[in-house]
Structure formats: structure tokens, C-alpha cells
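Reader: I'd like to go through this one with you and ask where the labels come from. Can you show it to me?

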Amino acid sequence: MNKALWSLVSFALFAAGCGSPEQGTTEQASTSPLAASGSTASFTPEEVGEYLVTVGGCHDCHTPGFLEVGWEVPESQYFTGGDFGWTGPWGTTYAPNLRLSVRNLTEDAWVEMLRTRNTLPPMPWMNVNRMHEDDMRAIYRYLVSLGPAGDPAPAALQPGQEPSTPYVVLAPPQGLPE
Ligand code: HEC
């Protein structure tokens with residue numbers, strides 16, 4: 001496993017160790033600070049969405065090979081789903097193919113999911129829950145604009161089930177004070 005993947009594992013371990021996040025029902029203004037600043041005024045929602053998923057680290061898990069080769073992954077494979085499992089106390093999860101997922105939902109249902117869903121690790125749901133609605137909509141538009149590609153990710157496994165794919169093991173934090 002290369003260095004980049006290891007740093008992601010550290011990040012994911014941190015995220016996974018955060019316990020149960022609260023439901024993402026915080027009050028939010030409907031306008032993103034990004035949009036309100038006027039800095040994105042000349043960009044389409046698709047362009048804003050592309051920017052947000054890029055700086056938001058979404059490729060790390062949802063684009064196959066991204067942690068190994070970064071931007072050498074061809075755009076045709078962007079967001080077609082992670083190629084290894086994440087195993088921990090919750091079982092094993094796979095980062096879904098978002099180019100397929102997004103087409104199963106209306107834009108409003110997408111917003112509702114991003115705002116309220118809180119499982120499973122290592123998806124950073126607690127962070128995404130607090131995204132502003134117009135940014136969630138911009139991401140939806142961008143993913144739809146990519147078009148469908150690839151296959152659905154493998155189904156999540158229960159704790160104790162052995163994955164038949166490569167996987168990363170995330171252990172709970174060690175050495176915490178008593
Ligand atoms: C550390 C790895 C990781 C990162 C980073 C990550 N995800 Fe995920 N994502 C996952 C995993 C694993 C799942 C499946 C877990 C679950 O179902 O809750 C998931 C599930 C999802 C789902 C649900 C899709 C479905 O079909 O059920 C959406 C939407 C999503 N991620 C969007 C994003 C966005 C947007 C970003 C960037 C802000 C992002 N993810 C970053 C790992 C990640």
C-alpha cells in the first residue's frame with residue numbers, strides 16, 4: 001500500500017472513531033458562503049460541483065485507483081466506486097458508484113440523504129451533513145452530468161464476514177486514556 005493510501009487510512013480511522021454523529025439537522029442558510037461571496041457567480045452548478053468534490057476529497061474513496069495514481073485516473077472512471085473494502089467493527093463497506101447512485105434519486109431526495117444520513121464509516125457523513133444545500137445540489141448536477149458508468153459497488157458485509165475483494169482494516173483507536 002502506498003503512502004497516500006496510508007494517510008487516507010489515518011484520516012478514515014479518525015473519522016470512524018468519532019462515535020455516533022448526531023443527526024445532521026443543523027439549521028443552515030440556503031446560500032453557501034462560497035456562492036454568496038460571488039466567487040462562483042460565473043460558474044455553472046456542474047462546475048461548482050466538480051470543484052467541491054475535488055477539494056472535498058470525494059475522489060479518494062469513490063474513484064477507483066485515485067489513492068494510487070491521483071489525476072492519472074481517466075475521467076471516464078471518476079466516481080465509479082471504490083475498488084477495495086473498508087473493514088472495521090461495522091463490517092465491510094464499499095464506496096458506492098455515485099454515477100449510478102445519483103440516478104436513483106431525485107435532486108431533492110439527494111439533498112435529504114446528504115443532510116440526514118449518518119452511517120456507515122468511513123464515509124464522512126458528519127461533515128457532508130453540514131454542507132449547504134446549494135452545494136449539495138451542485139454536486140448532484142455534476143455527478144449527473146458525468147453520465148452513468150461502471151458497475152455497482154459490492155454490497156456491505158456484516159461484521160465477521162470475510163470480504164472476497166481487497167480491503168483495508170480500520171482498528172478502533174488504541175491507547176486512549178482510561
Ligand atoms: C474515506 C472514504 C470516503 C470518502 C472520503 C467519501 N466517501 Fe462517500 N462513501 C464512502 C463509503 C464507504 C460509503 C458507503 C457507506 C454508507 O453506505 O454509508 C459512502 C457512501 C456515500 C454516498 C451514498 C451513496 C449510496 O449509493 O448509498 C454518497 C452520496 C457519498 N458517499 C458521497 C460522498 C461525497 C459527496 C464525498 C466527498 C465530500 C464522499 N462521499 C467522500 C466512503 C467515502
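Author: Here are some questions and answers about this structure.

Author: First, this is a predicted model, where local features need pLDDT of at least 70, side-chain atom pairs count only at pLDDT 80 or more, and totals for chains, interfaces and linings use all residues. Residues are numbered from 1 along each chain as its sequence is written.

Reader: What is the mean pLDDT of the protein?

Author: The mean is 86, and 78% of the residues reach 70 or more; pLDDT is the predictor's confidence in each residue, from 0 to 100. Over residues 1-26, though, pLDDT stays under 50.

Reader: How many helices and strands does the protein have?

Author: Nine helices and three strands. Along the sequence the pattern reads α-α-α-α-α-β-β-α-α-α-α-β.

Reader: Why does A95 count as buried?

Author: A residue is buried if 20 or more other C-beta atoms lie within 10 Å of its own, exposed if 12 or fewer, and partly exposed in between, with C-beta atoms placed from the backbone. A95 has 23 C-beta neighbours inside 10 Å, so A95 counts as buried. Of the 178 residues of the protein, 29% count as buried.

Reader: Where does A95 lie, and what does A95 touch?

Author: A95 sits in the loop between β2 (91-93) and α6. Leaving out residues up to four places away in sequence, A95 touches C61, H62, G81, G82 and A153. Touching means contact: two C-beta atoms, placed from the backbone, within 7 Å. As for G85, 10 residues from A95 along the chain, the two C-alpha atoms are separated by 7.8 Å.

Reader: How does the span of α9 compare with the one expected at 1.5 Å a residue?

Author: The expected span is 1.5 Å times one less than the number of residues. α9 has 14 residues and reaches 20 Å from its first C-alpha to its last, close to the 20 Å expected. Just after α9, G147 takes a positive phi of about 80 degrees.

Reader: Which residues of the largest nonpolar core touch the most other members?

Author: M136, I139, Y140 and L143, out of 17 residues. α3, α7 (107-116) and α9 each supply at least two residues of this core, and α9 gives the most, with six. To qualify, a set must be made of buried Ala, Val, Leu, Ile, Met, Phe, Trp, Tyr and Cys residues joined through C-beta atoms within 7 Å. Beyond four places in sequence, M136 touches W110, V111, L114 and M131.

Reader: Which residues are buried in helix α3, and what covers them?

Author: In α3 (residues 45-55), V48, G49, E50, L52 and V53 are buried. Their cover includes α4 and α9 (133-146). After α3 comes G57, whose phi is positive, near 75 degrees.

Reader: Which residues come nearest to the ligand?

Author: Of the 21 residues around the ligand, G56, C58, C61, S101 and M123 come nearest. A residue is near a molecule or strand if its C-beta atom, placed from the backbone, lies within 6 Å of it. α4 (58-62) and α6 (98-101) each supply at least two residues of the shell, and α4 gives the most, with four.
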